Amino acid sequence: MDNSSVTDDGETDTDYFMVEEKSDFGDVTTQIAPADDELTGDDFEEATLTDSDTVADGDHLLLSIENFGHEGALSNHTDGDLSSADGQSLSTFFQDVGVNMTIEDPSPNADNELDLDDFTVSGTSLEDYDGDLVVALEYQGDDDFDTDQSYDLTYTVTEDNPFVSDEDEEVEIENEFTIEEGELSLDDANEEVPNSEDAEITGTTNAAPGSEVDTSVRASGTFTESEDVEVASDGTFTATYDFSEYDTGTEFTIEAENTDVDGEDEQDAVLVEAGQPDINIDTSAPGEVTVGDDASLDVTVSNDGGAAEEVEIGVDIADEPVASENVTLEPGDEWSESYDFDTSEAGDVSWGVTAGDESASGTLTVAEETPDDSGSEDSGSEDSGSEDSGSEDSGSDDDGESSDGTPGFGVAVAAIALLAAAMLALRRQD
C-alpha cells in the first residue's frame with residue numbers, strides 16, 4: 001500500500017544550495033611514495049608523497065590531477081569510498097565523464113600504449129576529497145613497462161565532459177615519467193669512522209623519501225649492531241652508532257639495504273680517533289660613539305676542532321634577545337652575523353653573545369655630542385708678544401748705559417738738559 005502523499009497545508013521547511021562556476025582544470029603531476037605506504041582508506045593520509053618525475057622500480061607511482069572535480073559522479077561511481085574503484089571501473093568512469101589518459105613508450109619501434117585498466121584510485125572517503133584526484137599506476141609486474149625507460153603521459157578532457165562546451169575548449173596536458181632501477185650507495189666518507197658516541201654512517205638512494213633503509217655494522221668478535229633509518233627528502237640517509245667504547249684501528253663492515261627497490265651496498269671501514277669540537281666566539285663592537293652615529297656588533301662563531309657540533313647561539317643587545325638559533329658547525333665552519341645598535345639616545349648599551357658553553361659581552365657608551373671648540377687654545381696668549389715686547393731689547397743694560405754709550409738717560413734726555421741750560425743763560429743776560 002502506498003502511504004505517500006503531498007499536502008498543501010503550508011511550508012514546513014526550507015533550504016538552499018549554491019551554484020558556482022567550476023574551477024579550471026589544473027595540471028597533472030607525478031608523485032612517488034614508499035612501497036610500504038598504504039594508499040587507500042585512512043592510511044592514505046599517513047602516506048609520504050613526494051613530487052617527482054622518476055620512480056625507483058618497486059615504489060608507488062601516482063598521478064595527481066588538480067581540480068578534477070566531479071564529486072557527484074565519483075560518489076555514484078565509488079559509493080563514497082574513492083579507494084573502492086578497481087582499474088576497470090575507473091576506466092569506465094573516465095569515459096563517462098569525457099576524460100582520456102594514455103601512456104606511451106616514445107622509443108623507436110615501440111608499440112606500447114597503456115589504457116586505464118592499469119590505474120586505481122587512491123584516497124580516503126569523499127568527505128576529505130578536495131577536488132584533486134589521485135590515481136596510482138600499477139606498473140609493477142606489467143610486461144609493458146621497462147626500467148630505465150621514460151614514458152609520455154597525455155591527459156585530455158574532451159568535449160564529452162559536462163564542463164567542456166565544445167572542441168575548442170578541450171584541455172590536453174602532457175607529462176612524462178621515468179622508471180629507474182633501484183639504487184643505493186654508501187658514502188666514501190664512511191671508510192674512516194670516528195670512535196665517538198654519535199658516529200654517523202651516511203649514504204644515498206633513489207628510493208622514495210620516507211622509505212626505510214636497513215643498516216648494520218659488524219666487527220668480527222667485537223660488535224654487531226643494526227639500525228633502521230628513513231630516507232630524507234633529498235635522497236640521503238644517516239644512521240648513528242655509538243663506537244665510543246671501541247679502540248681505534250678496529251676494522252668492521254657496513255651494510256645498507258632497501259629491499260623494496262632492490263638497492264644495497266657494502267663497505268669496509270675502520271675506527272679512527274674521534275676529534276673534539278672547539279667552539280670559539282669572535283666579536284667586534286665600538287666602545288664609545290656619539291648620539292646618532294652608526295654602530296654595530298659583528299659576531300663570528302667558529303668550530304676550530306675536529307668534530308661537528310650543534311651549537312645554540314644567542315645574541316642580546318640592551319638586555320633584549322635579537323637572535324636565537326641552533327646551528328650545526330662542521331670542523332672549520334663559521335657562522336657570522338651583524339647587528340645594529342640603537343644610538344638615538346645617550347647612555348650605556350650592554351650586549352652579550354653565547355655559543356654553547358662560550359660567551360662574550362661588552363658595553364657600548366653612547367655619549368652626547370660635544371660642543372664646538374671656542375678657540376681658547378689658539379687665542380694668541382702664548383704669542384701675545386710679551387716675550388718679544390722689547391723689554392729685553394729696550395736699549396739699556398745692567399749698568400744703566402745706553403746702547404750708544406751715552407751715560408744717564410740717553411740722547412733725548414741730554415738734549416732736553418742742554419736746551420734748559422741755554423734758556424737759563426738767556427734769562428740771566430736779560
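Phe 145 is buried, at 9% relative accessible area, where buried denotes under 20%, exposed over 50% and partly exposed the range in between (1.4 Å probe, protein chains only). The model is predicted: local features need pLDDT of at least 70 and side-chain atom pairs pLDDT 80 or more, whereas totals for chains, interfaces and linings use all residues. Residues are numbered from 1 along each chain as its sequence is written, and side-chain values use heavy atoms, without hydrogens and water.

Rings of Phe, Tyr and Trp (its six-membered ring) pair if their centres lie within 6.5 Å; planes under 30 degrees apart are stacked, over 60 edge-to-face, and the rest tilted.

| Pair | Geometry | Centre to centre | Between planes |
|---|---|---|---|
| Phe 145 and Tyr 151 | edge-to-face | 5.2 Å | 65° |
| Phe 223 and Tyr 246 | tilted | 4.6 Å | 40° |

Phe 223 belongs to strand β15 (residues 223-230) and Tyr 246 to the loop between β16 (236-241) and β17 (251-258), so their pair ties together parts 23 residues apart in sequence. Strands (E, at least two residues) are DSSP runs, numbered from the N terminus. Phe 223 is buried at 5% relative accessible area, and Tyr 246 is buried at 14%.

An open sheet of mixed pairing contains five strands in the order β20-β26-β25-β22-β23; two strands pair if DSSP finds at least two bridges between them. At its edges, β20 (288-290) and β23 (320-329) each have a single partner strand, so one side of each lacks a neighbour in the sheet. Within this sheet, β25 (residues 347-355) and β26 (residues 358-367) run antiparallel, joined by nine bridges. Ser 350 has Thr 363 in β26 as its bridge partner.

Terms used
Helix = DSSP H or I, 4+ residues; strand = E, 2+ residues; numbered from the N terminus.
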